Amino acid sequence: MQFLKGDIQERILKVAEEVFLEKGYKDASMREIASRAGVTVSNIYHYFTNKDEIFRTILKPVLNDLYAMIYNHDADQMTIDVFMDSDYQKTSVREYIRLVSEHRDRLRLLLFQAQGSVLENFRSEYTDLMTRTISVFFQGMKQKYPHINIAITNFFIHLNTVWLFALLEELVLHPVKKEEMEKFIAEYIVFETAGWKELMKAQL
């Protein structure tokens, strides 16, 4: 029985994800992935350059969503109302729920089992990028609303992203029902947006 090239590639990715989840990136071997997928190791190299490329391919959907969260901070497209707007908060809650619901296993790989891979420093690299992006966002908001305060330390902005990862870690590690997750995330979003409003002394 012959398999289409795409079918073999998808099977390799599916099996690799299972092995990575069981053993972590560092201890997962190409030999075991090949054995479970029913292919030879050399056959895997027809589809992927190395184990890192397999890992990155598996995590690409969650990486895309996480980076979208950074690049959505566009001062040109947002108003100061965002800090208290209920529709924005509801949208944010839905996005967090979707992120965790769709990518729970991938988030587990990324946050806890990426040691030894090219993504092992993802958390710190993402935090640095988010810190720079938020700083630029505040400068853009200052141009639109000169009365607001943007004298907020980069270290605090850095901590805010660290808290985001803490939130994701807890939601990934603990089996939280969707209703409970929605309430918890809603509390987090309200607390965060109100806090930024107070720091910036934004008058709506």
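Visitor: How does phenylalanine 156 count by relative accessibility?
Guide: A relative accessible area under 20% means buried, over 50% means exposed, and values in between mean partly exposed (1.4 Å probe, protein chains only). Phenylalanine 156 has a relative accessibility of 27%, so this residue counts as partly exposed.

Visitor: Good start! Which pLDDT must side-chain atom pairs have to count?
Guide: Residues are numbered from 1 along each chain as its sequence is written, and side-chain values use heavy atoms, leaving out hydrogens and water. This is a predicted model, where totals for chains, interfaces and linings use all residues, local features need pLDDT of at least 70, and side-chain atom pairs count only at pLDDT 80 or more.

Visitor: What is the geometry of the aromatic pair of phenylalanine 156 and tryptophan 196?
Guide: Rings of Phe, Tyr and Trp (its six-membered ring) pair if their centres lie within 6.5 Å; planes under 30 degrees apart are stacked, over 60 edge-to-face, and the rest tilted. Here the centres are 5.4 Å apart and the planes make an angle of 80°, so the pair is edge-to-face.

Visitor: How many residues apart in sequence are the parts that this pair ties together?
Guide: Helices are DSSP runs of H or I with at least four residues, strands are runs of E with at least two, and both are numbered from the N terminus. Phenylalanine 156 lies in helix H7 and tryptophan 196 in helix H8, so their pair links parts separated in sequence by 40 residues.

Visitor: Is tryptophan 196 buried or exposed, and at what relative accessible area?
Guide: Tryptophan 196 belongs to an aromatic cluster with Phe137, Phe138, Phe156 and Trp163. Tryptophan 196 is buried, and its relative accessible area is 9%.

Visitor: Which side chains make polar contacts with aspartate 65?
Guide: Aspartate 65 is found in helix H4 and is buried, at 16% relative accessible area. A polar contact is a pair of N or O atoms within 3.5 Å; within protein, one must be able to donate a hydrogen and the other to accept it, and residues adjacent in sequence count only if both atoms are side-chain atoms. At 2.9 Å in each case, the partners are arginine 98 and histidine 103.

Visitor: Which ring does the charged end of arginine 123 sit over?
Guide: A charge sits over a ring if NZ of Lys or CZ of Arg is within 6 Å of the ring centre and within 35 degrees of the ring normal. Lysine 51 does this over tyrosine 25, at 4.3 Å from the ring centre. For arginine 123, at 5.4 Å from the centre, the ring is that of phenylalanine 165.

Visitor: How many residues are in the largest nonpolar core?
Guide: A nonpolar core is a set of buried Ala, Val, Leu, Ile, Met, Phe, Trp, Tyr and Cys residues joined through side-chain atoms within 4.5 Å. Ile12, Phe20, Ile44, Ile54, Leu59, Leu66 and Tyr126 touch the most other members of the largest core, whose residues number 63.

Visitor: Finally, how many helices does the chain have?
Guide: Of the 204 residues of the chain, 44% count as buried, and the C-alpha trace spans about 70 × 35 × 30 Å along its principal axes. The secondary structure has zero strands, and its helices number eight.
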